[in-house]
Amino acid sequence: MTDLLVSVRDDGEFEETLAAGVGIIDFKEPRQGPLAPVDPAVWHSAALRIAETNPPRGVDPGGGDASIASRPRLSAALGEAEGGWQSVVSRLPRAFDFAKIGPSGIKTSAAMQQLWKSASLCIGPNTELVAVAYADSESASCLPTEQVFQLAGECGFRRCLVDTFVKDGRSSIEHLGYERLRTLGRIADQASMKWSLAGSIRLAMVELLVAEGVFPDCYAVRGDVCDQGRRGRLCASRMKSWVDRVALLQPQSLGPIESR
Ligand SMILES: O=C[C@H](O)COP(=O)(O)O
């Protein structure tokens with residue numbers, strides 16, 4: 001099943017994404033860059049809210065983990081590699097499923113691996129570090145997108161996200177083109193990694209991506225679910241359209257429902 005991630009900045013937006021049935025709720029402050037953290041107090045309030053509304057984790061009679069399956073997963077942006085993620089990481093609640101750090105300024109594989117190693121140690125075993133690549137890697141002065149995906153696969157990451165560093169409305173599709181996006185999908189597939197597509201992705205682009213054979217495991221959006229761009233407020237009807245559209249998508253191996 002294809003996932004949908006929506007980025008939120010505060011408690012109110014968190015409630016709106018819960019009501020909309022978004023599968024992955026990602027906390028970031030969109031006014032301060034692509035992966036800026038929110039106030040850790042917002043993380044804690046979300047973790048409490050999730051604990052109140054969901055039973056403690058445990059094995060259900062059906063053999064799965066019912067609480068994980070039924071609750072939305074929480075994700076936190078911690079900032080950029082050189083932007084002080086170390087000052088907030090220790091406050092990340094254990095209830096968070098995912099954390100991510102932008103690779104801006106990281107120009108070598110060794111430096112990338114060093115960042116991942118230190119971040120994983122600080123984050124601890126309850127939260128999964130997601131590797132991030134920038135589609136506009138030159139603007140971010142970092143390793144090219146494919147190189148980050150390849151390296152993430154070699155380092156055993158389970159998830160990799162491609163996003164844009166500069167939020168000027170140019171999407172990851174405009175930066176990379178469909179062929180490079182298909183390549184990212186292949187790299188992820190070969191490494192058994194799930195991959196997420198972010199970076200000014202708009203709902204109408206989903207049809208084009210499907211037609212071009214690009215099937216991310218997760219769509220990650222902010223600007224397109226807001227009324228006035230990513231710095232504005234979330235819009236319930238825009239979120240609903242995304243939730244409904246993504247529900248119609250199937251994993252790459254099966255192809256989209258509409259083409260079967
Ligand atoms: O992680 C996803 C990002 O928040 C995407 O933001 P955006 O759609 O405004 O580029």
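Colleague: Where is the place of S192?

Modeller: S192 sits in the loop between α7 (172–190) and β7 (194–197). Helices are DSSP runs of H or I with at least four residues, strands are runs of E with at least two, and both are numbered from the N terminus. The model is predicted: local features need pLDDT of at least 70, side-chain atom pairs count only at pLDDT 80 or more, and totals for chains, interfaces and linings use all residues. Residues are numbered from 1 along each chain as its sequence is written.

Colleague: Why does S192 count as exposed?

Modeller: S192 has 10 C-beta neighbours inside 10 Å, so it counts as exposed. The cut-offs: buried means 20 or more other C-beta atoms within 10 Å, exposed means 12 or fewer, partly exposed is in between, with C-beta atoms placed from the backbone. S192 also has a positive phi of about 55°, although it is not a glycine.

Colleague: What makes S200 buried?

Modeller: S200 has 24 other C-beta atoms within 10 Å, so it is buried. S200 lies in the loop between β7 and α8 (203–211). Its phi is positive, about 50°, and it is not a glycine.

Colleague: Why does G232 count as partly exposed?

Modeller: G232 has 13 C-beta neighbours inside 10 Å, so it counts as partly exposed. G232 is in the loop between β8 and α9 (236–247).

Colleague: Which residues is G232 in contact with, leaving aside neighbours within four places in sequence?

Modeller: C226 and D227. Contact means C-beta atoms, placed from the backbone, within 7 Å.

Notes
Two residues are in contact if their C-beta atoms, placed from the backbone, lie within 7 Å.
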